[in-house]
Amino acid sequence: MNEDKLSELYLFKQDKDRHIGRLVSKTQRFVREIASEFLQAKGYTNFRVGHMVALIHIDLEGSNINNLAHLAGVTKQAMSKLVKELQDEGYVTIEKHPNDARTLIVKLSDKGVNTMLDWKECTQKIEMTFTDVIGREQLEQLIDLLSKITTYYELNSTCISDKAVLNLNLAKPTPAKY
C-alpha cells in the first residue's frame with residue numbers, strides 16, 4: 001500500500017471526532033433519544049419519526065396530501081401511507097375537498113392538536129437540554145447556521161434529495177419510539 005495514502009488516511013482518522021457527518025448524525029441521535037424519553041413519559045407508544053414529518057406540515061384549516069408530500073419532501077404514496085397510519089391512530093381526520101371530490105383534506109383531530117402541543121413542549125425540552133451544554137447564545141447560533149444550510153439546499157437541491165432520504169427512512173419496518 002502507498003505510504004502517502006496510508007499517512008493521509010491516518011491523519012484523516014485522527015480527526016474523526018470532528019467530521020461534520022458524524023457530528024450531525026450523533027446530534028440527531030441525541031435529539032431522538034431526548035424526544036423519545038419525553039414522549040414516552042407523556043404516554044406515546046408506537047409513534048414514528050415519519051408521523052411527525054406529516055403532522056408538522058398540516059395547516060390548521062387542513063392540507064391536501066400532495067401539499068403535505070411536497071412540504072415533507074416525500075412521495076405522494078409515502079405521505080398517503082403516513083396519513084392512513086395517523087388516521088388509524090386518531091391523530092387526523094380526512095374529508096373530501098368541497099370543490100374536488102378526488103382531493104382529500106387532512107385535518108388534525110383533537111388528539112393531533114394535543115400531540116402537536118406536546119411536540120412543542122418536547123422541542124423546548126430539547127433546546128433546554130442543549131442550552132445546558134452550550135448556552136443559549138451558542139444554541140441560537142447553531143440553529144441559525146443549520147437553518148442557513150438547510151435553506152440553501154432546499155433552494156439549490158444539488159445533493160441527494162430529502163425525498164430520497166425520507167422515503168428510505170419511512171420504509172423502515174420497525175417503528176421508532178418517537
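This is a predicted model: local features need pLDDT of at least 70, side-chain atom pairs count only at pLDDT 80 or more; totals for chains, interfaces and linings use all residues.
In which hand does α2 pass α6 in their crossing? The crossing is right-handed.

## Overall make-up

The protein chain contains 8 helices and 3 strands. Their order along the sequence is α-α-α-β-α-α-β-β-α-α-α. The chain has 178 residues, of which 28% count as buried.

Among contacts in the protein chain with a separation of 6 or more, 61% are between residues 24 or more positions apart.

## Helices α2 and α6

Helix α2 covers residues 20–41, and α6 covers residues 110–134. The axes of these two helices come within 10 Å and cross at roughly 130°. Angles from 65 to 115 degrees count as roughly perpendicular and those over 145 as roughly antiparallel, so α2 and α6 are classed as oblique to each other.

On the α2 side, the residues that meet α6 are Thr27, Val31, Ile34, Ala35, Phe38 and Leu39. Their partners in α6 are Asp118, Trp119, Glu121, Cys122, Lys125, Ile126, Thr129 and Phe130. By class, this contact of α2 with α6 consists of 9 nonpolar, 2 polar and 3 charged residues.

Ser36 also belongs to helix α2. The cut-off for a buried residue is under 20% relative accessible area, and Ser36 counts as buried because its relative accessibility is 14%. Ser36 and Arg48 are 12 residues apart along the chain, and their C-alpha atoms are separated by 9.8 Å.

## Helices α6 and α7

Helix α7 spans residues 136–155. It packs with α6 at an angle of about 115°, and the two axes are 7 Å apart. The crossing of α6 and α7 is right-handed.

Glu127, Phe130, Thr131 and Ile134 are the α6 residues in this contact. In α7 they meet Arg136, Gln138, Leu139, Leu142 and Ile143. The contact of α6 with α7 divides into 5 nonpolar, 2 polar and 2 charged residues. Phe130 of α6 is named in the contact with α2 and also in the contact with α7.

## Helices α4 and α5

How far apart are the axes of helix α4 and helix α5? The axes are 9 Å apart, and the helices pack at an angle of about 110°. Angles of 65 to 115 degrees count as roughly perpendicular, and α4 and α5 are therefore roughly perpendicular to each other. The contact involves Ile65, Asn66, Leu68, Ala69 and Ala72 of α4, together with Lys76, Met79, Ser80 and Val83 of α5. These residues comprise 6 nonpolar, 2 polar and 1 charged. Helix α4 runs over residues 65–72 and helix α5 over residues 76–89.

Leu71 is another residue placed in helix α4. With a relative accessible area of 48%, Leu71 is partly exposed. The C-alpha atom of Leu71 is separated by 9.5 Å from that of Ile58, 13 residues apart along the chain.

## Asn64 in strand β1

Strand β1 consists of residues 63–64, and Asn64 is found there. The side chain of Asn64 reaches the backbone nitrogen of Asn67 at a distance of 2.7 Å. When neighbours within four places in sequence are left aside, Asn64 is in contact with Thr103, Leu104 and Ile105. Strand β3 covers residues 104–108, a range that takes in Leu104 and Ile105.

## Ser109 and Asp110

Is Ser109 buried or exposed? Ser109 counts as buried, with a relative accessibility of 13%. The residue is found in the loop between β3 and α6. A polar atom of the Ser109 side chain lies 2.5 Å from the backbone oxygen of Gly90. Not counting residues up to four places away in sequence, Ser109 touches Gly90, Tyr91, Val92 and Thr93.

Asp110 is in helix α6. The cut-off for an exposed residue is over 50% relative accessible area, and Asp110 counts as exposed because its relative accessibility is 67%. Asp110 and Val92 are 18 residues apart in sequence, and the distance from C-alpha to C-alpha is 8.2 Å. Val92 is also one of the residues that Ser109 touches.

Note on methods. Residues are numbered from 1 along each chain as its sequence is written. Side-chain values use heavy atoms; hydrogens and water are left out. Helices (H or I, at least four residues) and strands (E, at least two) are DSSP runs, numbered from the N terminus. Buried means under 20% relative accessible area, exposed over 50%, partly exposed in between (1.4 Å probe, protein chains only). Axes are lines fitted to C-alpha atoms, for helices over the stretch in contact, and angles run from 0 to 180 degrees between N-to-C directions. Angles under 35 degrees count as roughly parallel, over 145 as roughly antiparallel, 65 to 115 as roughly perpendicular and the rest as oblique. Contact means heavy atoms within 4.5 Å. Ala, Val, Leu, Ile, Met, Phe, Trp, Tyr, Cys and Pro count as nonpolar, Asp, Glu, Lys and Arg as charged, and the others, Gly among them, as polar. A polar contact is a pair of N or O atoms within 3.5 Å; within protein, one must be able to donate a hydrogen and the other to accept it, and residues adjacent in sequence count only if both atoms are side-chain atoms. A crossing is left-handed if the near helix is turned anticlockwise from the far one by less than a right angle, and right-handed if clockwise.
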